[in-house]
Amino acid sequence: MSWTRAELEAARALTIPDVLPGPGDPPLRVLFCGINPGLVSAVTGHHFARPGNRFWPVLHRSGFTPRQLRPDEQGELPALGLGITNMVARASARADELTDEEVVAGGMRLRTLVAQHRPRWLAVVGITAYRTAFGARHAAVGPQEGSWDATRVYVLPNPSGLNAHWSVQAMAEEFGRLRALSAADG
């Protein structure tokens, strides 16, 4: 599907709800945290919805899902012990449109969300956003030192098609390391 420029521009005013467990879902094993919704995600109401975003293929290739889900199937994640949120709620065409202040404020909101839902792992998808939000200038992709109460933190590469530094295979391997750690915890 394609959207008009006007529809995409209007999406800048939209936010999308988090994907979190409800009654009857297993405990939250991994909460994936994107940087912020892109305009296509805001228009559709689905996380990682822009064609070319590699989140859904990587999630499957790494073993988190039994098949490759489409963005409009994100509601299936809580039954797998998985959820999605964003550091910043405001939609934009590119993450570099966000201010550092917005990202830091998003980090504070994220700490509150993690305290409420207590996932075993928080997976921040984007090293630069993690560094900015939490003042961790030297953080690298992978598990982070320490935890937030009982929640461990893992930084993953950004699956945006704009992140050419990581291939789908390399991202799937990194996501797979997190999957193995999260499975070992259970």
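The second largest pocket in this predicted model is lined by His46, Phe48, Ala49, Arg50, Asn53, Trp56, Pro57, Gln68, Leu69, Arg70, Pro71 and Asp72. Its volume comes to about 170 Å³. The largest pocket holds about 1,100 Å³ of space.

- By residue class, the lining of the second largest pocket splits into six nonpolar, three polar and three charged residues.
- Among the residues that line the second largest pocket are His46 and Trp56, and both of these are also in contact with Gln74.

**The largest pocket**

- With a volume of about 1,100 Å³, the largest pocket is lined by 44 residues, and those closest to its centre are Arg94, Ala95, Asn158, Ser160 and Leu162.
- Four elements, helix H1 (5-10), helix H2 (39-44), helix H4 (100-117) and helix H5 (127-134), each give two or more residues to the lining of the largest pocket.
- H5 supplies the largest share of that lining, with four residues.
- In the lining of the largest pocket you will meet 21 nonpolar, 17 polar and six charged residues.

**Gln74, a buried loop residue**

- Gln74 sits in the loop between helix H3 (55-61) and strand E2 (82-86).
- Is Gln74 buried or exposed? With a relative accessible area of 9%, Gln74 falls under the 20% limit and so counts as buried.
- The side chain of Gln74 comes to 2.7 Å from the backbone nitrogen of His47.
- Setting aside neighbours within four places in sequence, Gln74 is in contact with Val19, Gly45, His46, His47 and Trp56.

- Arg118 is not a glycine, yet it has a positive phi of about 45°.
- You can find Arg118 in the loop between H4 and strand E3 (121-125).
- The relative accessible area of Arg118 is 66%, which is over 50%, so this residue is exposed.
- Asp149, likewise not a glycine, has a positive phi of about 60°.
- The loop between strand E4 (142-148) and strand E5 (151-156) is where Asp149 lies.
- Asp149 is exposed because its relative accessibility of 73% is over 50%.

Conventions: Residues are numbered from 1 along each chain as its sequence is written. This is a predicted model: local features need pLDDT of at least 70, side-chain atom pairs count only at pLDDT 80 or more; totals for chains, interfaces and linings use all residues. Side-chain values use heavy atoms; hydrogens and water are left out. On a 1 Å grid over the protein atoms alone, a cavity is a set of points where a 1.4 Å probe fits but cannot get out, and a pocket is an open set with protein on both sides within 12 Å along at least five of seven lines; lining residues have an atom within 4 Å of a point. Grid points are joined across faces, edges and corners, and a volume is the space filled by probe spheres set on the points. Ala, Val, Leu, Ile, Met, Phe, Trp, Tyr, Cys and Pro count as nonpolar, Asp, Glu, Lys and Arg as charged, and the others, Gly among them, as polar. Buried means under 20% relative accessible area, exposed over 50%, partly exposed in between (1.4 Å probe, protein chains only). A polar contact is a pair of N or O atoms within 3.5 Å; within protein, one must be able to donate a hydrogen and the other to accept it, and residues adjacent in sequence count only if both atoms are side-chain atoms. Contact means heavy atoms within 4.5 Å.
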